[in-house]
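Here are my notes on the model you sent. The points below cover the fold, the charge pairs and the surface.

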Amino acid sequence: MGESTGDENSNLYIRGVNEGRSGELLEASELLDILEVFGEDGMRSYLMGIIEGEEDAAEDEEDLLEEDDEDRE
């Protein structure tokens, strides 16, 4: 199993955020590839990014719903 650097962890986190926002998640084999190449720290960075991206997408959706409700009033 490999190890990742700080820059690689940052890139994996950003990738996770982008994929979490868009809902385009990796297949299990691709996740195993990340683990193999970048190790546990890299995998953790990626997964935390996905969680953050999904939360951001949910907040954006809530904001849009609130704007729609305000427009109707």
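How many residues apart in helix α2 are Arg44 and Asp41?

1. Arg44 and Asp41 are 3 residues apart in helix α2, so about one helical turn separates them. This is a predicted model, and in it the two side chains form a salt bridge with an N to O distance of 2.8 Å. Arg44 is partly exposed at 45% relative accessibility, and Asp41 is partly exposed with a relative accessible area of 45%.

2. The protein has 2 helices and 0 strands. Its C-alpha trace spans about 55 × 25 × 10 Å along the principal axes. Of the 73 residues, 25% count as buried.

3. The structure holds 3 salt bridges. One of them joins Arg21 and Asp60, at 2.7 Å from N to O. Arg21 belongs to helix α1 and Asp60 to helix α2, so this pair ties together parts 39 residues apart in sequence. Arg21 is partly exposed at 40% relative accessibility; Asp60 is partly exposed with a relative accessible area of 35%.

4. Glu19 pairs with Arg15 in a salt bridge, with the closest N and O atoms 3.0 Å apart. The two residues are 4 apart in helix α1 (residues 6-22), which means a separation of about one helical turn. Glu19 is buried, at 14% relative accessible area, whereas Arg15 is partly exposed at 35%.

5. A patch of negative charge lies on the surface, and its members include Glu54, Glu62, Glu66 and Glu70. Glu66 sits in helix α2 (residues 28-72) and is partly exposed at 46% relative accessibility.

Technical notes
Residues are numbered from 1 along each chain as its sequence is written. This is a predicted model: local features need pLDDT of at least 70, side-chain atom pairs count only at pLDDT 80 or more; totals for chains, interfaces and linings use all residues. Side-chain values use heavy atoms; hydrogens and water are left out. Patches are made of residues with over 30% relative accessible area and no salt bridge: like charges are joined within 9 Å, nonpolar side chains (Val, Leu, Ile, Met, Phe, Trp, Tyr) within 5 Å. Accessible areas come from the Shrake-Rupley method with a 1.4 Å probe; for residues, only the protein chains shown count as cover. A salt bridge is a side-chain nitrogen of Lys or Arg within 4 Å of a carboxyl oxygen of Asp or Glu. Lys and Arg count as positive and Asp and Glu as negative; His and the chain ends are not counted. The place of a charge is taken as NZ of Lys, CZ of Arg, CG of Asp or CD of Glu. Buried means under 20% relative accessible area, exposed over 50%, partly exposed in between (1.4 Å probe, protein chains only).
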